[in-house]
Amino acid sequence: MSEIIIRPRGPLRGTVRVSGAKNAALPILAASLLGTSNTLLHDIPPLSDVENMLEILRKLGCRISLPAEGSVEISAGHITSQEASFEDTARLRASFLVAGPLLARFGKCRIALPGGCKIGSRPVDLHLKGFAALGAAVSVRHGYVEAECPRLRGAGIYLDFPSVGATENIMMAASLADGQTVIENAAVEPEISDLATFLGRMGAQVRGAGTDTIKITGVPSLSGAEHTIIPDRIEAGTFMVAAAITGGGVQVKNIVPEHLKPLTAKMREMGVRIQETASAALVEAGEELFPTDIKTLPFPGFPTDMQSQLCALMTRAAGTGIITETVFENRFMYVEELKRMGADITIEGRAAVVKGKRPLMGTAVSATDLRAGAALVLAGLCAEGETRVQNADHIFRGYASLPEKLRRLGADIEVQHG
Ligand code: UD1
């Protein structure tokens, strides 16, 4: 396991370009399985989650080439398998997104129940209910989901919770079903809209993505398509916090300000100055940081994937703030690590009470998951002395060149590969 070592070096300054969104790239890579001709994707971020997804596509029979930096070409014309083993799916939960496309195109799939960040129980029941509603016979045996149906048929599907992954899997499956599917209480995250745009380019008929009712009219077949992935709003948010937590000023480029609204609203409330243009934000620390309260919710609520980074920022605020996590039940594991650095945080059920302005001191801490790791790096940027973030491989699952990008902004940060 790698380790990231950070020593404080004052305010970060400069410009950083945000990479393509992990959470848009992964479903779109899975969707490429639906196409009978080649797909060409741009701004695919260089992440281990992406590598793992490409490896799964290769094992299914896709031919993959990398024509230019950040671009991936996928040929799904000759798929040889509809099965993904636990060896493949253990590494990322999004691997389960190959189920919908395989089932729809080949009438069957056999996918090991997925792994991923340990931030809660993370079942796939809503995905499976969706497949069953589309007419598939679905069973879970020996740790594998098996689904079968020669031709899916459109249906009305109401999601008990607006799950991002379930919405995506059902959208992809319904694109090749007979007739119309209506997903109600669908997720409205920007990554859903990006997937819908890509599916549309493949020839699918998807309406309403970005609202809670998505209508898909199935078509007999889909072709490959060319598409550029939207910017990563969580990576952007992490750099915005990095600017504020070090008392610096950073221009964050390649963003969609609308996607960042839930975060910019909260950071402004905390006293951070943010000036936006069409595709960038200049983020400058104010005189003082004020505490705030946040509650994670599906989009357009505050993103659970920014919860731990905002918590790191709240440890610098003058006063007490409360963070309530409602999306995942086990997303406060990093708190113990921040406390070891000197933070004053108390967990009460689903809430964390953060008392600000306690001095943070560098020490060895462990990244318990991807976003937790990012929060610890942020804390290290403003802690006294050296911080060693262990288990840093989690961070490389979801952040493209994080140490390099921070170093270019003036941070003293290095990686030791273990
Ligand atoms: C996606 C993101 C992840 C983000 C999350 C919430 C990707 C690759 N990952 O994950 O970074 O934190 O959205 O914004 O896009 N649930 C069920 N049954 C299901 C599916 C989900 O109970 O079948 C529950 C989960 O346990 C969780 C909640 O719904 O408590 C949200 O999960 P979901 O929206 O599905 O998140 P993911 O798609 O896994």
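In helix α1, the residues Lys22, Ala24, Ala25, Leu26, Pro27, Ile28, Leu29, Ala30 and Ala31 are buried, where buried denotes under 20% relative accessible area, exposed over 50%, and partly exposed the range in between, with a 1.4 Å probe and protein chains only. The model is predicted: local features need pLDDT of at least 70, side-chain atom pairs count only at pLDDT 80 or more, and totals for chains, interfaces and linings use all residues. Residues are numbered from 1 along each chain as its sequence is written, and side-chain values use heavy atoms, with hydrogens and water left out. Helices (H or I, at least four residues) and strands (E, at least two) are DSSP runs numbered from the N terminus.

A nonpolar core is a set of buried Ala, Val, Leu, Ile, Met, Phe, Trp, Tyr and Cys residues joined through side-chain atoms within 4.5 Å. The largest such core has 76 residues, and those with the most contacts inside it are Leu29, Leu34, Leu57, Val98, Leu152, Met171 and Leu199. Helix α1 (residues 22–31) provides the largest share of this core, seven residues. Leucine 29 is in contact (heavy atoms within 4.5 Å) with Leu41, Ile44, Val50, Met53, Leu54, Leu57 and Ile74, leaving aside its neighbours within four places in sequence. A second, separate core of 68 residues includes Val250, Cys311, Val335 and Val365.

**The ligand and its surroundings**

The ligand is surrounded by 18 residues, of which Arg93, Asp125, Ser163, Asp305 and Val327 are the closest; a residue counts as near if one of its heavy atoms lies within 4 Å. This shell divides into eight nonpolar, five polar and five charged residues. Here Ala, Val, Leu, Ile, Met, Phe, Trp, Tyr, Cys and Pro count as nonpolar, Asp, Glu, Lys and Arg as charged, and the others, Gly among them, as polar. Helices α5 (125–133) and α6 (164–174) each supply at least two residues of the shell, and α5 gives the most, with three residues.

| Residue | Distance to a ligand oxygen atom |
|---|---|
| Proline 123 | 3.3 Å |
| Leucine 126 | 2.7 Å |
| Valine 164 | 2.8 Å |

Taken alone, the ligand exposes 740 Å², and the protein buries 86% of that; these areas come from the Shrake-Rupley method with a 1.4 Å probe, and for residues only the protein chains shown count as cover.

**Two buried polar side chains**

Threonine 304 lies in the loop between β18 (294–295) and α10 (307–314), and is buried at a relative accessible area of 12%. Its side chain forms a polar contact of 2.7 Å with that of arginine 331. A polar contact is a pair of N or O atoms within 3.5 Å; within protein, one must be able to donate a hydrogen and the other to accept it, and residues adjacent in sequence count only if both atoms are side-chain atoms.

Lysine 405, in helix α14 (residues 402–408), is buried at a relative accessible area of 9%. The side chain of lysine 405 reaches the backbone oxygen of arginine 17 at 3.0 Å.

**Backbone features**

A cis peptide bond joins phenylalanine 299 and proline 300, with omega about 5°. Asparagine 254 has a positive phi near 65° and is partly exposed at 22%.
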